[in-house]
Amino acid sequence: MAYSVRDVCTTAYRKLGVLRSGGIPSAGDAEDARLSLQSWYAECIDSGTFGRVWNIPVSQTGSVTPYPNQHVNVLTDDAVTVTPPATVAYDYWNTWMPGRDYGWGLNVPLGGDTGYNVPRDKSVVMVTYQESAPDAAQRLVYVYDGTIQRWMRVDTLTLDNEAPLSARGFDGLASLLAIRLTDQFGEELLGAASVKAANRYKLALVTNYGNAEDYEYARSL
């Protein structure tokens, strides 16, 4: 199950020892933690942890369904609806291009259909609109959480939203956030077990050793 952003933030503060068991952070502290967590998702995208993102210009009105790891730049002021894909054709991953260095579509076929599968875990879809467009320069950022098989917004998180990537390791994600909050409270407050949990979470997120398709792909290199 996925946990809420509030759950992750509260557990992070408890790991720092600034909250007793059963305690909840103040509104200000909860907001600081939420902003730090939201920033972490953006940093993962910008650093390439979730794969390289390919820019795609769109200059006509209508509906667009981009492929994973694409940034749709809407160049028109007319209304354009962008919807992340529910499935991805195998040919997309199996045809090499410079911007497709993350994922090669070696998944087990979905429902016996050898032509399509769900998007790759931690795939990214980004959308940027013109300032004068109906969406008023809104930028949408989605990450596909393969654990729960759902696209999740990571740029407009609230405390009551589900925390992306929390279903695969709630304690690890909370520990990672606790480390980010030590600038406010001091590193000496964080226990060694939490540091190890955060490191294991980050390692699993980057290497994907628990994902059979990545293992087979790495073995073939």
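Visitor: Which residue just after H2 takes a positive phi?

Guide: Just after H2, the residue with a positive phi, of about 90°, is Gly48. Helices (H or I, at least four residues) and strands (E, at least two) are DSSP runs, numbered from the N terminus. This is a predicted model, in which local features need pLDDT of at least 70, side-chain atom pairs count only at pLDDT 80 or more, and totals for chains, interfaces and linings use all residues. Residues are numbered from 1 along each chain as its sequence is written, and side-chain values use heavy atoms, with hydrogens and water left out.

Visitor: How many residues has H2, and what span does it reach?

Guide: The expected span of a helix is 1.5 Å times one less than its number of residues. Helix H2 (residues 27–46) has 20 residues and reaches 29 Å from its first C-alpha to its last, close to the expected 28 Å.

Visitor: Which residues in H2 are buried?

Guide: An α-helix has 3.6 residues a turn, so residues three or four places apart point the same way. Buried means under 20% relative accessible area, exposed over 50%, and partly exposed in between (1.4 Å probe, protein chains only). In H2 the buried residues include Ala30, Ala33, Leu37, Trp40, Tyr41 and Cys44. The buried residues of H2 pack against helices H1 (5–16), H4 (170–180) and H6 (192–207), and against strands E7 (124–128) and E8 (139–145).

Visitor: Which members of the largest nonpolar core touch the most others?

Guide: A nonpolar core is a set of buried Ala, Val, Leu, Ile, Met, Phe, Trp, Tyr and Cys residues joined through side-chain atoms within 4.5 Å. In the largest one, of 35 residues, Trp40 and Tyr41 touch the most other members. H2 gives the largest share of this core, seven residues. Contact means heavy atoms within 4.5 Å; leaving aside neighbours within four places in sequence, Tyr41 is in contact with residues including Phe50, Val154 and Leu173.

Visitor: Why is E7 largely enclosed by the rest of the structure?

Guide: E7 is largely enclosed because four of its five residues are buried. Two strands pair if DSSP finds at least two bridges between them. E3 (residues 70–74) and E7 run parallel, joined by four bridges, and His71 has Met126 in E7 as its bridge partner. E7 and E8 pair in the antiparallel sense over five bridges, with Val124 opposite Val143 in E8.
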